[in-house]
Amino acid sequence: MNKRILVLCLVFCFLLAGIANAAMPTIKADKTYYDINTGLYVLDGNVYIESKNRVVTAGHAKVSVDNFEVWGTGGITFKQDDIHFKGGSVYVYGKNKRAEIAGGVDFERTDVHITSDSAEYNWKSKVAIFKGNVNVNENGNTWQSDSVSYNVISNTFL
């Protein structure tokens, strides 16, 4: 009986460890330190942050693991599946499932290329909103607008 309890406890511990590791993002950079005054990880040089199937790269970033927030600058990228954003800066609101990209946005996906001044992407609704000097190239057809909303699931403009 004691062996069964021990085995069950070990299995339970391994399951909990697996769940805890799945929730933690992967964070890498050339220089990393934790600022105890702000509660943020400060990252400098070749920043790489991965959470589930989303990856943010940047030259510099600050990360709040508690709030699932990322502030990144310096040639940022934000990728999820086949969706690729590039820009000057990014702010990721993890709890709200949303990212704001600014500083000249370049969005690429198969058969779609969009540039704009800024963009907001909500990975729950799967809608990206591009604002300011929007240029769209869809299957070789190009057009411009002040604002464009794009659904990445249906691959359509709203």
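Trainee: Hi! Which residues does Arg-109 touch, not counting residues up to four places away in sequence?

Mentor: Arg-109 touches Asp-82, Ile-83, Tyr-150, Val-152, Ile-153 and Asn-155 once residues up to four places away in sequence are left out. Contact here means heavy atoms within 4.5 Å. This is a predicted model, where local features need pLDDT of at least 70 and side-chain atom pairs count only at pLDDT 80 or more, while totals for chains, interfaces and linings use all residues. Residues are numbered from 1 along each chain as its sequence is written, and side-chain values use heavy atoms, with hydrogens and water left out.

Trainee: Where is Arg-109 found?

Mentor: Arg-109 is found in strand E8, residues 105–109. Strands (E, at least two residues) and helices (H or I, at least four) are DSSP runs, numbered from the N terminus.

Trainee: Why does Arg-109 count as buried?

Mentor: Arg-109 counts as buried because its relative accessibility is 18%. Buried means under 20% relative accessible area, exposed means over 50%, and partly exposed is in between (1.4 Å probe, protein chains only).

Trainee: And what lies 2.4 Å from a polar atom of the side chain of Arg-109?

Mentor: That is the backbone oxygen of Val-152. A polar contact is a pair of N or O atoms within 3.5 Å; within protein, one must be able to donate a hydrogen and the other to accept it, and residues adjacent in sequence count only if both atoms are side-chain atoms.

Trainee: Let's switch to rings. How many aromatic pairs are there?

Mentor: The count comes to 13 aromatic pairs. Rings of Phe, Tyr and Trp (its six-membered ring) pair if their centres lie within 6.5 Å; planes under 30 degrees apart count as stacked, over 60 as edge-to-face and the rest as tilted.

Trainee: Where do Phe-78 and Trp-123 sit in the chain?

Mentor: Phe-78 is in strand E5 (residues 69–80), and Trp-123 is in the loop between strand E10 (118–122) and strand E11 (127–138). They are 45 residues apart, so to speak linking distant parts of the chain. Both residues are buried.

Trainee: Why is the pair of Phe-85 and Tyr-121 tilted?

Mentor: Its planes are at 45°, with ring centres 5.7 Å apart, so the pair is tilted. Phe-85 lies in strand E6 (residues 83–93) and Tyr-121 in strand E10, so this pair ties together parts 36 residues apart in sequence.

Trainee: Which residues form one aromatic cluster?

Mentor: The cluster is formed by Phe-78, Phe-85, Phe-107, Tyr-121, Trp-123, Phe-130, Trp-143, Tyr-150 and Phe-157.

Trainee: New topic: what volume has the largest pocket?

Mentor: About 410 Å³. On a 1 Å grid over the protein atoms alone, a pocket is an open set of points where a 1.4 Å probe fits, with protein on both sides within 12 Å along at least five of seven lines; lining residues have an atom within 4 Å of a point. Grid points are joined across faces, edges and corners, and the volume is the space filled by probe spheres set on the points.

Trainee: Which lining residues are the closest to its centre?

Mentor: Of the 19 residues that line the largest pocket, those are Ser-51, Arg-54, Phe-68, Gly-94 and Trp-123. Strand E4 gives the most to the lining, with four residues.
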